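Colleague: Could you walk me through this one? I'd like to take it piece by piece.

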Amino acid sequence: MDAVFLFGQLFTGLSVASILLLAALGLALSFGLMRVINMAHGEFLMFGGYLTYLASQWVGPQFLWLAFPLAFVGSALLGAVLEFTVIRRLYGRPLDTLLATFGISLILQQAARQIFGSTGVPVMAPAWLSGAITVHGGALDGLTFPYVRLFVMALSALVLIAVWWLLNRSRFGMHVRAVNQNREVASSLGVNTRQLDMLVFALGSGIAGVAGAGLALLAPVNPTVGSAYIVNAFLVVVVGGVGSVLGGAVAALLLGCITALAEGLTSVSLAQAILLVVVVAFLQWKPRGLFPTQSRALEEA
Amino acid sequence: METQGSVSHTVPRPGRSVRAQSVKAAHLGKAALWPTLVVLALLLAPFVLASYPLALLGRVLALAIAALGASVVWGRAGILSLGQGLFFGLGGYALAMHLKLAATPKGELPDFMVYSGINKLPWFWQPFHSAPFALLMVVVLPGLAAYLIGWLMFRRRITGVFVSIITQALVLAFVTWLGGAQGLTSGSNGITDFQTFMGLNLRGPDFSRELYWATLLILGVSFAGTAWVLNTPFGSLLTAIRDNENRSRFLGYNPAAFKVAAFVLGGVLSGLSGALYTLHLGTISPAMIGVAFSIELVVWVALGGRASLWGAAGGMVLGQLAKDRISSAAPEAWLYIMGALFVLVVMYLPEGVAGLLKSRLSGGAGRRPAPLPMHPEVKDAV
Amino acid sequence: MTYRNLTASLTLLLLGNALAQGTVKVGVLHSLTGTMAISEITVANAAQLAVDEINAAGGVMGKKIQVIKEDGASDWPTFATKAEKLLTQDKVAAVFGGWTSASRKAMLPVFEKNKGLLFYPVQFEGNECSPNIIYTGAQPNQQALPALEWALSKGYKNIFLLGSDYVYPRTANLILKKHIAAKGTNLAGEEYVALGGTEFSSVINKIKAAKPDVIINTLNGDSNVSFFKQYQAAGYSAATLPVISFSIAEQEAQSIGPALLTGQYATWNYFQSLPNAANKKFVAAYQKKYGAKAAITDPMAHAYMDVYLWKAAVEKAKSFDPVAVRKAIVGVSTDSPLGKITVDKNGSLTQTVYTGQSGAGGQFKVVAQSGGVIAPQPYDALAFPGKTCP
């Protein structure tokens, strides 16, 4: 195995990690605060992808400036509606929420199929994103870093920083952390927990929309694209530890590198199975993930 | 914590009056009427139904056994497994391996192995030449797998949605492996093209009728057996653990052991169901046992009533029949209907149809889901 | 409750039979929902178009064809149960359907048990010869091998095989590998990605390390979209590393985005751009019914022609009985949109093979075609010696 291949796989690991993180961050957020498993999360990704497609139809090749805000706002609104109509009524019943949101994912998929057709829609990366940085000369001659992948990595880092800032440096974030630690006390001190739940869920959905817009540059936009990401996104959340944004980032990095390693050493088809087994084994060691929420409560999830 | 939201009417509450109890007793005769009618109808079906409806009915009855398993695991033990397809598949594949060998001329390899460039029968296929061994494996393999997975999870006190995600990941890993290991498992095509089973011609005219009787018998035995087990102190303990795992632990029981036992029972039932379903369909493939199957199973059980064996099995049977009908008449609408069912059942019928019927029969007492803490905000009020 | 419903529907069914004396029923069984709907809906449409045309022209042996459409829902056991329903309850004379090998494998025992007749319109891996199935899509020697021959004739020497992880790509590549070895050419590498996979970074990295000069691509469905996006992002193009695909037709080209595919190759028995008269008529009729921009693909053309083949066989047999039709269909020959085709006695077609190059608008320009028609070979002699159809 030569150095170019090795560094190539390292880059693959980082790139996969950035994609996993984008896909999982919104999920981690709502799971952390509300203990809600949103099986329709993948469909928010899909929704963001379709909004990106619409943006490219409306404004032509330089659509990205419109696509990201549109995907964020559109998905956040859809998330808010979902929270208000269904999830709000199921708080405290996470298993039931899981099933209900799975039903919603079926409905959203079928709706996408009927609106946009079961064939996916084409989204082309703008011209300034096509191409790659190529290393010339030296031991790493021929190593390439595609612009699109670098862009998705930057996007992922940006979203991570934004979320971190929001949670740790803003008033909103303070409320979120307060509710996370003790819902009753936070509520008694005047935090409107219901409203906060809705905002967090909408934020998580909005991030999924942004992720969908970014991933449209690398993957198809079609009714079933969400299911391609959802299981791995769950794994990131579980490995990272519930509600920990930092944990999510580390877990994404870890899973991305394991994937790249497994794919590089064995075959790509075997890597997914290896990844799943590794995660299950990992949970034997740390059942609450890398960065569990510390709590004295007996029955915290 | 997350299990508290589920059904819990089996625990007597102080609020329930003596009058309500006697009303319940009065309705008992009425309640026994329906099961009798259903059993009678199932016994008469082969004499009334044409071949396709009978085959369809037999098929969904086979699936109902898996629903019984889901009812034990979820309804009684409070474990929402999204990976029951794994056990279903193990049972199905165990039988399918034997059927494939039986359909292969002596001295030859199963056709898919030849086409995948394999030239020696893999060691784990060897014992499946024997029918009794394969039949044993139909229950042993899923049981062992369930034991291992359950032991690994519950020992580490992994609960709630984590269990759901892990089981889902496991079934996905299994399906991915099955699809990739084409030479050993026939990959995504699945194992198909069976001829005979212990001398019976699977393609003969009488076979579907015989299979129906066999299915009905196995379903009946599974039902009775499961009902009996759940009626023992073991069943009560499962309920106790579901409703409050920590309190059961403080009382001196080891919840992990009981949960593993329930998980194994659920796995074995799923395996039985998978083997029967393989016979009904004449094929088994990874697509039949994946994530979608596992979730659908749970939904029909939820619709019928997760805590009641009648509800779970009935939900599965009626749900599958409805699916057959509606998906033929309006394929586009089917996913909307199913999606909406998921949401509505969970929101308005948390105990399923069986819960609704039960509360109607008992004179309206407990019509609403038990007044358990639906929100963490009030959890200390219990 | 259950059984009352079923008996009621049964009565209805008998009534329906009595009412429909002047018609003959056929089944169309494709995935109308789920992941495969993307490809199969249009194939079902093409079959429906042929039925409509035949009915407008007076039907088959004086009977109008009544289509019973069922949804396989991208779920293989559903294909088996729906096939059983079509054969035992609706008693259809023939079924047109299936796309994936897995769906065909699931239906096969049902058709053999109930002595039905299935027309299967998609290219497949061969190694199967059921007397109850007419395999009209390409056998490996009618798509994969000609593509390899063509690549070798163009001077490509380092071949990379890329596919989705299921039976068709693995078997097709097994055959290709035997032929690559026999011809003394170099196999640069081989990689499979799970069905529906979207991440190709490692694959492209492996391709880069293997330095092939051509890729033979058997990826299925949407994985192609991801692959070509990421292939282009890594700096590849048709000029630097051409890709020959077996599962990308006009419709897939549109959803991938024609710009991504420009200059890439595909091998099929049909392209929308074929200039023959039968094809012009078919394309015009389809686009009139399903929209002027509708793309038309090889499996669609096969599905369309299958209905006509069945009609010809019925008229030759003077019977709707599937067994008689199967017997009569051997040797039936027509001028179809695919050019001249004949049904071989092994139930597959003798047909022409074209290699097309993708251009603007997602259309393929034929750059090479087999010299005359190629007879179907269900079992590759090199890979599976000694196997033949009974």
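Modeller: A residue is buried if 20 or more other C-beta atoms lie within 10 Å of its own, exposed if 12 or fewer, and partly exposed in between, with C-beta atoms placed from the backbone. Helices (H or I, at least four residues) and strands (E, at least two) are DSSP runs, numbered from the N terminus. This is a predicted model, where local features need pLDDT of at least 70 and side-chain atom pairs count only at pLDDT 80 or more, while totals for chains, interfaces and linings use all residues. Residues are numbered from 1 along each chain as its sequence is written, and chains are lettered from A and ligands numbered from 1 in the order in which they are written.

Colleague: Let's start with chain B. How many of the residues of helix 3 are buried?

Modeller: For background, chain B has 16 helices and four strands, and 53% of its 382 residues count as buried. Helix 3 of chain B is mostly covered, and the tally of buried residues is 25 of 26.

Colleague: How far apart are the end C-alpha atoms of helix 3 of chain B?

Modeller: Take the expected span first: that's 1.5 Å times one less than the number of residues. Helix 3 of chain B covers residues 51–76, so its 26 residues should span 38 Å. The distance between its end C-alpha atoms agrees with that, at 36 Å.

Colleague: And where does that helix bend?

Modeller: A bend is the angle between axes fitted to the seven residues ending at a residue and the seven starting there. After helix 3 of chain B comes Gly78(B), with a positive phi near 70 degrees. The bend itself is about 25 degrees, and it sits at Ala70(B).

Colleague: Which helix of chain B gives the most to the side that touches chain A?

Modeller: Contact here means C-beta atoms, placed from the backbone, within 7 Å of each other. By that rule 44 residues of chain B are in contact with 43 residues of chain A. Helix 7 (160–180), helix 13 (291–304) and helix 15 (331–348) of chain B each supply at least two residues of that side. With 14 residues, the one that gives the most is helix 7.

Colleague: How many charged residues does that side of chain B have?

Modeller: Ala, Val, Leu, Ile, Met, Phe, Trp, Tyr, Cys and Pro count as nonpolar, Asp, Glu, Lys and Arg as charged, and the others, Gly among them, as polar. The side of chain B that touches chain A has 30 nonpolar and nine polar residues, and its charged residues number five.

Colleague: On to chain C: which helix gives the most to the side that touches chain B?

Modeller: Here 36 residues of chain C are in contact with 40 residues of chain B. By class, that side of chain C has 18 nonpolar, eight polar and ten charged residues. The top contributor, with nine residues, is helix 4 of chain C.

Colleague: Which are the edge strands of the five-stranded sheet in chain C?

Modeller: Two strands pair if DSSP finds at least two bridges between them. The five strands form an open, parallel sheet in the order 2-1-3-4-5. Inside it, strand 3 (95–97) and strand 4 (118–120) of chain C pair over two bridges, with Phe96(C) opposite Phe119(C). Those pairing on one side only, the edges, are strand 2 (64–71) and strand 5 (133–135).

Colleague: Why does Phe271(C) count as buried?

Modeller: Phe271(C) lies in the loop between strand 10 (265–268) and helix 11 (277–290) of chain C. Leaving out residues up to four places away in sequence, Phe271(C) touches Tyr354(C), Gly356(C), Phe364(C) and Val366(C). Gly356(C) is 85 residues off in sequence, yet 7.6 Å away, C-alpha to C-alpha. Phe271(C) is buried because its C-beta neighbours inside 10 Å number 26.

Colleague: Last one: which residue in the turn between strand 14 and strand 15 of chain C has a positive phi?

Modeller: Strand 14 (354–358) of chain C pairs antiparallel with strand 10 over four bridges, and Tyr265(C) stands opposite Gln357(C) there. Strand 14 also pairs antiparallel with strand 15 (364–369) of chain C over five bridges, where Tyr354(C) has Gln369(C) as its bridge partner. Strands 14 and 15 of chain C form a hairpin with five residues between them, and the residue with a positive phi of about 75 degrees is Gly361(C).

Definitions and conventions. Two residues are in contact if their C-beta atoms, placed from the backbone, lie within 7 Å.
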